[in-house]
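Look over the sequence and the model below.

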Amino acid sequence: MTFSKIACLLLAVIGLHMSPSVYGQPSTDVESPRIINIVNFIRQTDYRLANSDSLLFDAVQEQIKLVNTYGFPATFLFQYDALINPAYQQLMKTQLSDQCELGAWWEITQPHVEAAGIPWRGEHSWVSHANIAFTTGYTPTEREKLVDVYMAKFKEIYGHYPQSVASWFIDAHTLAYMHDKYDIVASANCKDQVGTDGYTLWGGYWNQAYYPSRKNAYLPAQHADNQIPVPIFRMLGSDPIYQYDTGLGRSRQGVISLEPVYPASGGDKKWVTYFLESLVNQPSLAFSYAQAGQENSFTWAAMGDGLRMQFALFDSLRRADQIRLETLGHSGAWFKKQFPITPATAVTALTDVRDEGRKTIWYNSRYYRTNLLWEEGSFRFRDIHLFDEQFESAYLKTAGSGSQFFYYALPLVDGFNWSTPEDRAGFRLMAEDAKGNSIAIVLADPVISGNGNQVLEIRSTDEQGHTFIITCYEDRFTVRCDNPTEGFRWHLQFHAAAQAELPFQAMDNKHLRARFRGFDYGITCINGHIAMDGWEVARSFQLLPENHELAIDCTNTQR
């Protein structure tokens, strides 16, 4: 039996429908690897649980047993309180295989703060309040003390400094200090979310990994001189179709992710199969990525079944040479070798786990991200956010206060914050009928191809047979109609819900200018122009093509 037949049988056994890709590069292409990091992070205690120290330790023991059963490389990250616990030290030194990695989980605890000579402000030895549990709540000098104390203790115990340091979020000052003084090679932060657990990260480089700006660790830098040369991988395996809109109309999103404790997503074999089909078999440009694993606070009783199910799927995919399982540090070193600056990537989901016909495409570059969504007979640009390395974080030089933190990119289309459940924001393709009325163009199933390392091309046809080609370049995107019929006229129509707080300040024929949180930015029509008809009444405007092509510069050259 040939290797390809064996691989197909393995995939059939685990229920993954991964036929040869007609959408883009095959998953075995070494130039576009599919990478999974298993990252388990470790707290010593959790005031929310009775008998927490014992339950949390038991969860880590079981995680190590499962990792060893499959011979997987995995990354275990310690909070300071767990790092200094002799029981965890003995466990790691005696039970963990050599191919696994130990690193730092950057939530701040009472023992950590007190070791650095800083007063503790929490009512328990660990709390989740953003200004206590994260370095955004400490001064730059305090942040450096926290790093120095942790690194010294880690080296004392394990003989070297950690290569990987991750958290729901690490500010730019801390991350740069970790790299410049201790030469860390990889980091990770939370998926995009609004208000979940009090943490908002919205509009950034969607999934995969990027080099952050030295002024704002949430945004990619555009130039090597302004970047922290540590790739930040996005955590938790976010649902590419459904996570974005969950909680729409409310101030707090739910979670639809690869985390095995969630029974409707990471704990559900059907959902995990759908997620892995997108990861493995659909186009991704530079590489495709997911973080698996779970924090020990959820306990083994909640995560065990889901992790066992996922590991069986990972094992089959690894044996079929469909994925690379590696530590976070290994992935960081590979990324730094491959990419001197943040690459363009794509995340695509052309099958719908809910069987409702939705499809989505995410494109990221160092200049912008965009999301295209097909649903219920409609198509729109659901999201466009611009990136600028000069957009300084509010926490770069000053400690934040309160139980939340907020990180944002620069919105051009925000399909979550500018929408209601009944009225969705976006750019929609519209045509004019014989009476001059605008009607929505309904596009059929997209066909996607990579055209070079930085370029993604999407072809889709409307009901009249017009072929539209949307091309995402690193610095711009274009929309063109390839075969217009006589008299056919089309445009992109902007729309937002009535109550949305929009950042737009001014428009002219070629430029759209905006201001968000005191920062000026905008786009330029390289080809085509802006029409403001309807702006004063309905806050709507159009991007009109020239010779059936639009080209939009996303490099924020207006600043």
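## The largest pocket

In this predicted model, the lining of the largest pocket has 14 nonpolar, 9 polar and 4 charged residues. That lining is made up of 27 residues. Nearest the centre of the pocket lie Tyr408, Asp414, Phe416, Asn417 and Trp418. The volume of the pocket is about 520 Å³.

## Cavities

Rolling a probe the size of a water molecule over the atoms shows where empty space is left. A search of the whole structure turns up 5 cavities of 30 Å³ or more. The largest cavity contains about 100 Å³ of space. Its lining counts 14 residues. Asn207, Ser278, Leu279, Ser288 and Val347 lie nearest its centre.

Which elements give two or more residues to the lining of the largest cavity? They are helix H9 (269-281), strand S12 (288-292) and strand S14 (345-349). H9 gives the most, with 3 residues. By class, this lining has 7 nonpolar and 7 polar residues, and no charged ones.

## Helix H4

Helix H4 spans residues 86-95. Its residues Tyr88, Gln89, Leu91 and Met92 are buried. Seen down the axis of H4, the buried residues fall within an arc of 165°, so they line one face of the helix. Pro86 and Lys93, on the other side of H4, are exposed.

What covers the buried residues of H4? The cover includes strand S1 (34-42), strand S2 (75-78) and strand S3 (101-105). It also includes helix H2 (52-70), helix H3 (80-83) and helix H7 (140-158).

## Serine 164

Serine 164 sits in strand S4, residues 164-166. Is serine 164 buried or exposed? Its relative accessibility is 0%, so serine 164 counts as buried; the cut-off for buried is under 20%.

The side chain of serine 164 makes a polar contact with the side chain of glutamate 101, at 2.6 Å. The side chain of serine 164 also reaches the backbone nitrogen of glycine 329, at 3.1 Å. Leave aside neighbours within four places in sequence, and serine 164 is in contact with Leu77, Glu101, Gly103, Ala104, Ala186, Leu328 and Gly329.

## Aspartate 315

Aspartate 315 belongs to helix H10, residues 300-319. Why does aspartate 315 count as buried? Its relative accessible area is 10%, and buried means under 20%.

Aspartate 315 has a polar partner: its side chain makes a polar contact with the side chain of arginine 319, at 2.9 Å. Not counting residues up to four places away in sequence, aspartate 315 touches Tyr70 and Phe72.

Notes
Residues numbered from 1 in each chain as written. Predicted model: local features only at pLDDT ≥ 70, side-chain atom pairs only at ≥ 80, totals over all residues. Heavy atoms only, no water. Buried < 20%, exposed > 50% of the residue type's maximum accessible area, 1.4 Å probe, protein only. Helix = DSSP H or I, 4+ residues; strand = E, 2+ residues; numbered from the N terminus. Arc of directions from axis to C-beta. Contact = heavy atoms within 4.5 Å. 1 Å grid on protein atoms, 1.4 Å probe; cavity = no way out; pocket = protein on both sides within 12 Å on 5 of 7 lines; lining within 4 Å. Points joined across faces, edges and corners; volume = space filled by probe spheres on them. Nonpolar A, V, L, I, M, F, W, Y, C, P; charged D, E, K, R; others polar. Polar contact = N/O pair within 3.5 Å; in protein donor to acceptor, adjacent residues only side chain to side chain.
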